[in-house]
Amino acid sequence: MSSLADLVRLGADRLAAAGVGSPRADAEQLLAHATGMEVGDLRRSALLGEHAADSAVTAYRGLLAQREGRVPLQHLTGEAAFHRVTLRVGPGVFVPRPETEVLVELALEDLRAAGPAPVVVDLCTGSGAVALAVATAWPPAQVHAVELSEEAHAWAAVNVAAHGPGVDLRLGDATSAFPELEGQVDVVTCNPPYIPAWAVPVDPEVRDHDPGLALYGGGEDGLEMPLALAGRAARLLRPGGVLLMEHADTQGQTLPQRLREAGAWSEVQDHPDLTGRPRVTRAVRA
């Protein structure tokens, strides 16, 4: 038997040495997962000097070794918290990031003004994070989502079944999805692949584990896919409908400018994330 407090200290030290950015928090989450506890309960038990069973210690050490190798924490626990939803994630699907919650909050602002049963389409839904965050926070919305990757779609299907069985989830190409909804959609959300091919992510968790299909946007500036998806959004949205698209922090001027040049949009404005970096472009269908 080993002290929970000692195990957390051991894990935090090992993960810090491996370059993990949040070593103590990760160690706590891994130990909570190994012991079957919630993190809050784990912290209380550690303060009381309680110990872990040998089987949990063995499992924890195995998880630590993988996290030291920079396997994403969410792949090891099988979960990612996003907005008000806890999603199932793993290999083959992009792990949702906290900065994307800004996109959700902006979408909710527009949905509140869109009428009693607004229609929402989420392009490139991945794990279903944005679609399910919107569906759970604004139940009157009619939410549709599409994903090209079969692996990611499978994860999204699990999450939709758990959190939003009313969400219309489809497997297919976002650039041609939902032809029956053209001209009828109130809000299109999209967290597309947008990284330029030359800007390979530094973090091993992203570079080695997030699927390339979800990362790289094509073209020298990474905007080939985002602009194609914006073109699809223009066809889906009613006049006055809103597109909300996430982008890299280096695209806070270029994406809005390209949308203005396209001629289909008015009121194009960029919005920062919680760290102050450019993150989401909002554009109204002219």
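The crossing of helices H1 and H4 is right-handed, a crossing being called right-handed if the near helix is turned clockwise from the far one by less than a right angle, and left-handed if anticlockwise. The contact is made by Leu-7, Val-8, Leu-10, Gly-11, Arg-14 and Leu-15 of H1 together with Val-57, Tyr-60, Arg-61, Leu-64, Ala-65, Arg-67 and Glu-68 of H4, where contact means heavy atoms within 4.5 Å. By class, this contact has eight nonpolar, one polar and four charged residues; Ala, Val, Leu, Ile, Met, Phe, Trp, Tyr, Cys and Pro count as nonpolar, Asp, Glu, Lys and Arg as charged, and the others, Gly among them, as polar.

This is a predicted model, in which local features need pLDDT of at least 70 and side-chain atom pairs count only at pLDDT 80 or more, while totals for chains, interfaces and linings use all residues. Residues are numbered from 1 along each chain as its sequence is written, and side-chain values use heavy atoms, with hydrogens and water left out. Helices (H or I, at least four residues) and strands (E, at least two) are DSSP runs, numbered from the N terminus.

H1 covers residues 4–17 and H4 residues 54–68, and the two pack at an angle of about 15° with their axes 10 Å apart. Axes are lines fitted to C-alpha atoms, for helices over the stretch in contact, and angles run from 0 to 180 degrees between N-to-C directions. H1 and H4 are therefore roughly parallel to each other, a term for angles under 35 degrees, with those over 145 counted as roughly antiparallel, 65 to 115 as roughly perpendicular and the rest as oblique.

## The open sheet

Seven strands form an open sheet with mixed pairing, in the order E7-E6-E5-E8-E9-E11-E10; two strands pair if DSSP finds at least two bridges between them. Strands E7 (168–171) and E10 (265–272) stand at the edges with a single partner strand each, so one side of each is left without a neighbour in the sheet. From one strand to the next the twist averages 15°. E6 (residues 142–147) pairs with E7 in the parallel sense over four bridges, and Ala-145 has Leu-169 in E7 as its bridge partner.

Helix H7 (residues 129–137) lies across E5 (119–123), E6 and E8 (185–190), running at about 170° to E6. Helix H12 (residues 254–262) also packs on the sheet, where it touches E9 (237–246), E10 and E11 (278–285), and its direction makes about 175° with that of E10.

Strands E3 (residues 79–82) and E4 run antiparallel and are joined by four bridges, with Phe-82 opposite Val-85 in E4.

## Individual residues

The table gives relative accessible areas; buried means under 20%, exposed over 50%, and partly exposed in between (1.4 Å probe, protein chains only).

| Residue | Relative accessible area |
|---|---|
| Phe-178 | 1%, buried |
| Ser-127 | 2%, buried |
| Glu-267 | 57%, exposed |

Phe-178, found in the loop between E7 and E8, has a positive phi of about 55° although it is not a glycine. Glu-267, placed in strand E10, has a positive phi near 50°. Ser-127 lies in the loop between E5 and H7 and, leaving aside its neighbours within four places in sequence, is in contact with residues including Leu-87, Trp-155 and Asn-159.
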